[in-house]
Amino acid sequence: MRVALMILLGLVIGVIGTANVMNALAARNPMPKAVMETMGYHLGELKNAIKAKQCDPVKVQHHLARLQSTAGDITPVFGIDEKAFTDDATQLQDHLQQAVQAAPATCEALAAAIKPVGETCKSCHQQYR
Ligand code: HEC
């Protein structure tokens, strides 16, 4: 009984310790997730606008510009040096630059502009997320 309790206690301490270490590591560099969450927010707002059929060009341009500037943080913040990763990050920036330049004025134009953007998010997530 006593041995079983000690083993259980050991396991619990181990789990708590591991969770603490994981949290500490995540807290040490919150930037990768912050960059992703920021892009997730702005892309989400654009998708909501399309769903609601309310694509105010000024708001659309704001979200596209925020996406573009945030995407520029991916490579320096993640520090992943693999070609597939940096290629996807560069491609995302290219697609976003095109979307900003297209300055979509309708929901249809917006949907067309963010389609390649969403595909690039997916492409990188499939391999690295
Ligand atoms: C070059 C690779 C790459 C691209 C491009 C990319 N992501 Fe990510 N994303 C990642 C990785 C890696 C993670 C996992 C991060 C982690 O868990 O620390 C992630 C995680 C996320 C998360 C979850 C964040 C969390 O708290 O775990 C969201 C939301 C997200 N990405 C949104 C996006 C959106 C939206 C786009 C496109 C506009 C995008 N990402 C493009 C690599 C990428």
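The largest nonpolar core of this predicted model has 15 residues, among which Ala71, Leu96, Ala99 and Ile114 have the most contacts inside it. Such a core is a set of buried Ala, Val, Leu, Ile, Met, Phe, Trp, Tyr and Cys residues joined through C-beta atoms within 7 Å, where buried requires 20 or more other C-beta atoms within 10 Å of a residue's own, with C-beta atoms placed from the backbone. Two or more residues of this core come from each of H2, H3 (57–71), H5 and H6; helices are DSSP runs (H or I, at least four residues) numbered from the N terminus. Leaving aside neighbours within four places in sequence, Ala99 is in contact (C-beta atoms, placed from the backbone, within 7 Å) with Leu64, Ala113, Ile114 and Val117.

Residues are numbered from 1 along each chain as its sequence is written. Because the model is predicted, local features need pLDDT of at least 70 and side-chain atom pairs count only at pLDDT 80 or more, while totals for chains, interfaces and linings use all residues.

The axes of H5 (residues 83–102) and H6 (residues 107–128), as lines fitted to C-alpha atoms over the stretch in contact, come within 9 Å and cross at roughly 170 degrees, which means that H5 is roughly antiparallel to H6 (over 145 degrees, on a scale from 0 to 180 between N-to-C directions).

Around the ligand there are 20 residues (C-beta atom within 6 Å), of which Met36, Gly40, Asp88, Cys121 and Cys124 come nearest. H2 (31–51) supplies the largest share of this shell, 7 residues.

Key
Angles under 35 degrees count as roughly parallel, over 145 as roughly antiparallel, 65 to 115 as roughly perpendicular and the rest as oblique. A residue is buried if 20 or more other C-beta atoms lie within 10 Å of its own, exposed if 12 or fewer, and partly exposed in between; C-beta atoms are placed from the backbone. Two residues are in contact if their C-beta atoms, placed from the backbone, lie within 7 Å.
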